[in-house]
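Please read this report alongside the sequence and the 3D structure. They are shown here.

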Amino acid sequence: MSDLLFEIFCEEIPAGMQAKAANDLEAAMVKALGEAGLKAAETASYVGARRLVVTMSGLPAKAEDVREERKGPRVGAPDKAVEGFLRGAGLDSLDACEQREDKKGAFWVALIDKPGRQTTDVLADAIPAILSNFHWPKSMKIGEGEKAQRWVRPIQRILCVFDGGVVPVKVFGLEAGNETEGHRVAGRGPFTVTGWDDYKAQLEGAGHVTIDADERKRLIMDGATKACGDAGLELVEDQGLLNEVCGLVEWPVPVLGEMDPDFLDLPPEVITLTMKTHQKYFAVRDPKTAKLSAHFVTVANQQAPDGGKAIAAGNSRVLSARLSDARHFWDNDRKTPLSEMTDQLSKITFHEKLGTVADKVDRVAALARELAPVVGADADLAEKAARLAKADLVSEMVYEFPELQGAMGRYYAMEQGEETAVADAIKAHYKPQGPSDDVPVEPVSAAVALADKLDTLVGFWAIDEKPTGSKDPFALRRAALGVIRILLEVEARLPVMKLVNKTGHDLLRSYDKPANVFLYRAEDGRIVQASGDYVETVDGWARVELGHVEKPDLYYRGSETEISKTDHVAGPLADPNVFSASLLEFFADRLKVHLRYEGIRHDVIDAVFALGDDDLVRVTARSRALQAFLDTEDGAALLAGFKRASNILKAEEKKDDANYDGAPSDAYIASPPEKAERDLVAALSDARPKASAALGDEDFTAAMAALAMLRAPIDAFFDTVTVNADDAGLRRNRLLLLSDIREAISSVADFSRIEG
């Protein structure tokens with residue numbers, strides 16, 4: 001068994017592309033060798049700023065010989081059939097074949113011996129194909145003819161060593177060798193290597209290159225933490241920045257630098273984001289105050305002779321220039337009140353079919369006011385916060401740093417003396433933006449965040465821009481999950497269907513205004529009851545002008561006072577009555593995702609939603625209680641009893657072509673013939689009102705406990721009572737008793753939707 005070392009050495013690979021590229025290259029090589037019958041004992045991949053490396057240990061020198069069997073024609077088949085078979089199998093005569101038999105008689109089988117290929121030959125063929133078809137998110141074409149490369153950056157060397165020798169690989173006009181290069185400055189080389197151990201030792205020694213990305217991250221964190229600790233400071237950790245910086249350096253040396261302390265009067269988010277986005281610096285804080293310190297950590301790519309003093313000084317000057325720009329944006333923005341910034345939102349399109357950001361703000365403000373009492377917020381403050389929430393989108397700071405939207409609005413609101421609840425809501429209304437993000441629970445913040453997300457969801461449903469498959473360009477799944485998390489966190493009792501319908505109709509009304517251009521649905525190429533001058537038909541919609549417009553580009557839904565009554569009058573927005581059920585189903589799917597981490601099964605949530613309840617807080621509480629109940633022995637047994645009763649009813653209803661709904665006769669209830677059914681009637685009479693009362697109080701655990709009383713009587717009933725009695729009246733009453741059981745259990749959830 002032998003080892004393989006393969007390296008692609010090129011110009012700097014973007015940090016964000018490195019990890020995936022290494023994994024993809026390793027997977028492609030494992031696949032190519034596997035298809036040739038070659039399997040390594042261990043494989044690994046490494047990546048850095050200028051190299052992709054794959055190592056394989058325990059590879060055989062050649063693939064094993066294989067014997068292939070190929071079925072041929074029947075014995076005695078025409079000569080031409082036999083000749084074609086032999087030609088396809090690469091054989092000269094039937095002497096290399098054997099006869100076998102099946103039910104139809106004897107037939108020929110060709111026995112083809114294929115010698116295993118040498119590993120070096122497999123590599124020489126596979127690597128050019130892999131590199132030529134390798135996918136990068138972004139790549140460039142370098143050179144022409146046989147030297148043309150399609151790669152992320154120009155390739156300079158290819159190293160391919162197997163069992164100590166060079167593999168004859170040629171790709172992009174480059175021939176593989178056994179040489180690599182080290183650090184550009186500290187140890188360029190080149191270095192001649194014989195395998196992985198030699199390669200690693202030379203690069204990490206004289207080459208000053210740390211091959212392993214995890215080791216580079218450790219060196220960065222340890223060095224940065226020590227540099228800060230020695231100065232009595234604390235590193236502000238940032239995993240995303242760590243991953244990026246790790247991909248920029250080959251020999252990481254963290255250096256602590258200082259900045260002008262006057263910049264500390266800027267918002268801390270501005271300072272840290274300027275450091276991270278423009279300079280790739282780590283922020284530093286004072287552990288005594290937990291506030292940012294006038295320091296930073298930069299990661300040099302070499303060990304400087306002066307210990308990094310010149311590097312720190314140079315980076316400090318660059319950072320000062322960047323922060324000076326930020327201060328300019330900060331000072332300029334504070335000269336304009338948020339209320340004036342909102343006037344510019346009409347110039348920003350939210351979506352071509354949903355109007356401008358100013359239109360959205362109007363809708364969100366009205367909805368936030370309506371939601372305020374539900375979450376315990378002051379309606380005036382909720383509306384005010386909603387009207388200011390998007391204002392910072394036109395600020396210079398947010399233009400430079402879009403990540404600061406909301407956060408800067410809060411600072412500007414505090415600067416101009418707005419209420420704290422309003423300022424906090426401006427920042428928090430975008431939250432939660434991910435599963436680990438905080439949920440806005442302060443009443444005003446919750447009202448605005450809910451209104452913003454609901455308006456977005458209803459709007460995109462109204463224009464039929466729903467997520468499809470893995471595509472969700474408008475982050476609607478995140479918005480729906482945000483609504484769910486906020487409602488559950490603040491325990492807001494909202495009927496979602498009613499709210500969706502009202503929000504949708506408000507959206508329609510916002511477009512129901514006089515305009516010169518209307519769209520009408522066309523039938524068979526004709527305009528249906530439209531008044532005005534026909535212009536054109538676009539995608540099934542007829543565009544009509546009611547007056548002269550030089551460049552009509554707005555498509556509105558006409559008001560009934562201006563057009564004839566017709567079912568086809570509409571605009572680009574759908575009626576909420578059409579899509580509200582679909583949106584509720586979308587919420588149900590997101591709730592399944594959210595509750596899955598609590599161990600609540602999707603079918604349990606389906607069973608609860610089937611009752612028609614759209615109060616997500618109540619649905620969640622009921623689902624939790626139902627899942628806990630089903631996890632018990634009583635719950636599992638009751639589910640089995642329900643399914644047995646339902647199956648009997650379904651079969652008998654089909655056979656009798658009748659529905660067995662309703663209660664058994666009074667006479668039967670008063671005196672059932674057998675003890676088991678008397679016990680079941682009594683248990684049902686006792687459990688049903690208890691469960692009903694508990695459901696009314698929304699004590700779902702108590703409701704489940706009441707239903708659990710039915711477990712033993714149901715089991716005894718099925719064990720001893722014959723439902724399909726010879727007496728037709730008795731049979732009917734027993735079937736109606738099963739129907740009663742089904743109805744009582746279904747009051748908690750639709751057990752028919754529960755699997756198992």
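## Basis

The model is predicted.

Strands of a sheet pair through backbone hydrogen bonds, either parallel or antiparallel. Here an open sheet of 3 strands has antiparallel pairing, in the order β4-β6-β5. Strands β4 (66–74) and β5 (97–102) are at the edges, and each has a single partner strand, so one side of each has no neighbour in the sheet. From one strand to the next, the twist averages 35°.

Strand β6 covers residues 105–114 and is joined to β4 by 7 bridges, the two running antiparallel. Within this pairing, E68 is found opposite I112 of β6. Helix α2, residues 79–89, lies across β4, β5 and β6. The direction of helix α2 is at about 165° to that of β4.

## Cysteines

How many disulfides does the structure hold? The count is 0. For C10, the nearest cysteine sulfur belongs to C246 and is 16 Å away. A disulfide would need the two sulfur atoms within 2.5 Å, so C10 is in no disulfide.

C10 has a relative accessibility of 1% and counts as buried, because the cut-off for buried is under 20%. C97 is buried as well, at a relative accessible area of 11%.

## Aromatic pairs

A pair of aromatic rings is described by the distance of the centres and the angle of the planes. The structure has 14 aromatic pairs. One of them joins F134 and W151: the ring centres are 5.3 Å apart and the planes are at 35°, so this pair is tilted. F134 is in the loop between α3 (119–132) and β7 (140–142), while W151 is in strand β8, residues 149–151. The two are 17 residues apart, and the pair links distant parts of the chain. F134 counts as buried at 12% relative accessibility, and W151 counts as buried at 0%.

Another pair is made by W461 and F586, with ring centres 4.7 Å apart and planes at 50°, so the pair is tilted. W461 belongs to helix α15 (residues 443–462) and F586 to helix α18 (residues 576–596), so the pair ties together parts 125 residues apart in sequence. W461 is buried, with a relative accessible area of 4%, and F586 counts as buried at 10% relative accessibility. Apart from these pairs, the structure has an aromatic cluster formed by F134, W136, W151 and F172.

## Charges over rings

Which ring does the charged end of R590 sit over? The ring is that of F586, and the charged end of R590 is 5.9 Å from its centre. F586 therefore has the charged end of R590 over its ring and is also paired with W461, in a tilted arrangement.

The charged end of R596 sits over the ring of Y597, at 5.4 Å from the ring centre.

## L507

Is L507 buried or exposed? L507, in helix α17 (residues 496–510), has a relative accessible area of 1% and is buried. L507 and L626 are 119 residues apart along the chain, and their C-alpha atoms are separated by 37 Å.

Conventions: Residues numbered from 1 in each chain as written. Predicted model: local features only at pLDDT ≥ 70, side-chain atom pairs only at ≥ 80, totals over all residues. Heavy atoms only, no water. Pairing = 2+ DSSP bridges. Helix = DSSP H or I, 4+ residues; strand = E, 2+ residues; numbered from the N terminus. Axes fitted to C-alpha atoms, helices over the stretch in contact; angles between N-to-C directions. Contact = heavy atoms within 4.5 Å. Buried < 20%, exposed > 50% of the residue type's maximum accessible area, 1.4 Å probe, protein only. Phe/Tyr/Trp six-rings, centres within 6.5 Å; stacked < 30°, edge-to-face > 60°. Lys NZ or Arg CZ within 6 Å of the ring centre and 35° of its normal.
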